Amino acid sequence: MKLLPVLLAAGGSRRFEGVKLAMQLPGGTTLLGRSFNALSQVRSSCDTHILPVQVCLGGHAKALRPLLPSDTTIIPSPDWQLGLGHSIAAAANAALGTDADALLLALADHALLSAEDYESLIQSWQESGKTTASWYLDAPGAPAIFNRADFDELTHLCGDRGAKGLLKSLQKQQQLGWMALPGASIDIDTRADFGRFVSTRSQ
């Protein structure tokens, strides 16, 4: 089994009023770097090969590209302004061009998540064999692992609703695996969010 991790980092950070993912954290890394490193540190298990992390860029691609290792595969999201669904579709199209059996979609502003969190999600997916989502705020969401059978539907997403509709549909059909991941309920949308996150990390 091969799993392709894709970090979604294509948004315009309108509420942040700046290049959110380029913000420096204590220790010298950036928000983008923290999320990329956590996903990159996920270890392959005996029955799942983790492919190199790819990153979907759009709104601030010129500012963010230099923050990533030079050999990182970039997935362009030319329609990023139209919403998250278009970036997910770009990621799914990229996954279709590989031999990956599943696609792990992660959000770059989920700054609390660690490599261990992603590994736990992967283990849950392995055990169920189903498309598997994180569960927080009483609903399924990202990060989530989609089996290849879902790729085509993901390529048709549009607007700003993302893949939540697909996840909820699979849940109703009892075809969704899930794992409680409360840390995924915290993302960074505003400068106040960023200040609180840095303050927490400094304590």
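1. Asp150 touches Thr131, Leu166 and Leu170, leaving out residues up to four places away in sequence; contact here means heavy atoms within 4.5 Å. Asp150 is found in the loop between β7 (139–147) and α5 (151–155). Helices (H or I, at least four residues) and strands (E, at least two) are DSSP runs, numbered from the N terminus.

2. The model is predicted: local features need pLDDT of at least 70, side-chain atom pairs count only at pLDDT 80 or more, and totals for chains, interfaces and linings use all residues. Residues are numbered from 1 along each chain as its sequence is written, and side-chain values use heavy atoms, with hydrogens and water left out.

3. Asp150 is buried yet has no salt bridge, and the nearest side chain of opposite charge, Arg148, is 11 Å away. Buried means under 20% relative accessible area, exposed over 50%, and partly exposed in between (1.4 Å probe, protein chains only). A salt bridge is a side-chain nitrogen of Lys or Arg within 4 Å of a carboxyl oxygen of Asp or Glu. Lys and Arg count as positive and Asp and Glu as negative, while His and the chain ends are not counted.

4. Pro5 lies in strand β1 (residues 2–9) and, at 1% relative accessibility, counts as buried. Beyond its neighbours within four places in sequence, Pro5 is in contact with Leu39, Ile50, Leu51, Pro52, Val53, Gln54 and Leu104.

5. Helix α1 (residues 31–40) is largely enclosed by the rest of the structure, because 7 of its 10 residues are buried. The buried residues of α1 include Leu39, which is also among the contacts of Pro5.

6. Most residues other than glycine have a negative phi, and most peptide bonds are trans. Leu137 has a positive phi, near 55 degrees, and Asp138 likewise has a positive phi, near 60 degrees. Leu137 counts as exposed at 67% relative accessibility, and Asp138 is exposed with a relative accessible area of 71%.

7. A cis peptide bond joins Ala142 and Pro143, with omega about 0 degrees. Pro143 is placed in strand β7.

8. Lys168 is found in helix α6 (residues 164–172) and counts as partly exposed, at 38% relative accessibility.
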